[in-house]
Amino acid sequence: MQTADRTRRPVAVWTLLVLLIVQGVGAIGGGLSLTMAPDGSIMRMPTSFLEGSPFDDYLIPGLILLLVLGVLPLATAVGLWLRRRWAWYAAVTVGAGLIIWILVQITIIPYDILQAVFGAVGVAIFVVSLLRPVRRFCGVFMPASA
């Protein structure tokens, strides 16, 4: 019985897995679209949105989206599935990174509903990562608050 309890995934872990996969798949799609067409034509985003930013086109933002917010969350989901301790740290980083990405994006690109959706996904990843069942599953223990 002890082995079954040790390997059983709590609901919070399943929730985090789903959030990481949704984030990863969405970002890979967006990142590929921006790197294949750095002029933004596939996603119907004119480069004029980038005025005032350090970028002339969407190639670098597309690569960041593809690798950091696409591949990393999927790798994190695999690590979480395999119960790797590093996956917890990666999940917290993905959540925080996504929140920062969306906040910066909102300052540069006109508002789009996807920003709100993926901003909420970032907050959810961050918050769910901090839940005790997720930390316990990953073997990450934090001191109890006083």
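**Close-up 1. The side chain of Gln23 meets the backbone oxygen of Leu69 at 2.9 Å.** The model shown here and in the other views is predicted. Gln23 belongs to helix α2, which spans residues 11-36. The residue is buried, with a relative accessible area of 2%. Beyond neighbours within four places in sequence, the contacts of Gln23 are Leu69, Pro73, Leu98, Phe118, Val121 and Ile125.

**Close-up 2. Ser33 sits in helix α2.** A polar atom of the Ser33 side chain lies 3.0 Å from the backbone oxygen of Gly29. Ser33 is buried, at a relative accessible area of 16%. The cut-off for that label is under 20%. Leaving out residues up to four places away in sequence, Ser33 touches Ile42 and Met43.

**Close-up 3. Trp14 and Trp81 form an aromatic pair.** The count of aromatic pairs comes to 2. In this one, the ring centres of Trp14 and Trp81 are 5.4 Å apart and the planes stand at 70°. The geometry is edge-to-face, because planes over 60 degrees apart are classed that way. Trp14 lies in helix α2 and Trp81 in helix α3 (residues 59-81), so the pair ties together parts that are 67 residues apart in sequence. Trp14 is partly exposed, with a relative accessible area of 43%. Trp81 is also partly exposed, at 41%.

**Close-up 4. Trp88 and Tyr89 make an edge-to-face aromatic pair.** Centre to centre, the two rings are 4.9 Å apart, with 85° between the planes. Trp88 is buried, with a relative accessible area of 7%. Tyr89 is partly exposed, at 40%.

**Close-up 5. Arg9 lies over the face of Trp81.** The distance from Arg9 to the ring centre of Trp81 is 3.6 Å.

**Close-up 6. The charged end of Arg83 sits over the ring of Phe137.** From the centre of the Phe137 ring, the charged end of Arg83 is 4.3 Å away.

Methods
Residues numbered from 1 in each chain as written. Predicted model: local features only at pLDDT ≥ 70, side-chain atom pairs only at ≥ 80, totals over all residues. Heavy atoms only, no water. Helix = DSSP H or I, 4+ residues; strand = E, 2+ residues; numbered from the N terminus. Buried < 20%, exposed > 50% of the residue type's maximum accessible area, 1.4 Å probe, protein only. Polar contact = N/O pair within 3.5 Å; in protein donor to acceptor, adjacent residues only side chain to side chain. Contact = heavy atoms within 4.5 Å. Phe/Tyr/Trp six-rings, centres within 6.5 Å; stacked < 30°, edge-to-face > 60°. Lys NZ or Arg CZ within 6 Å of the ring centre and 35° of its normal.
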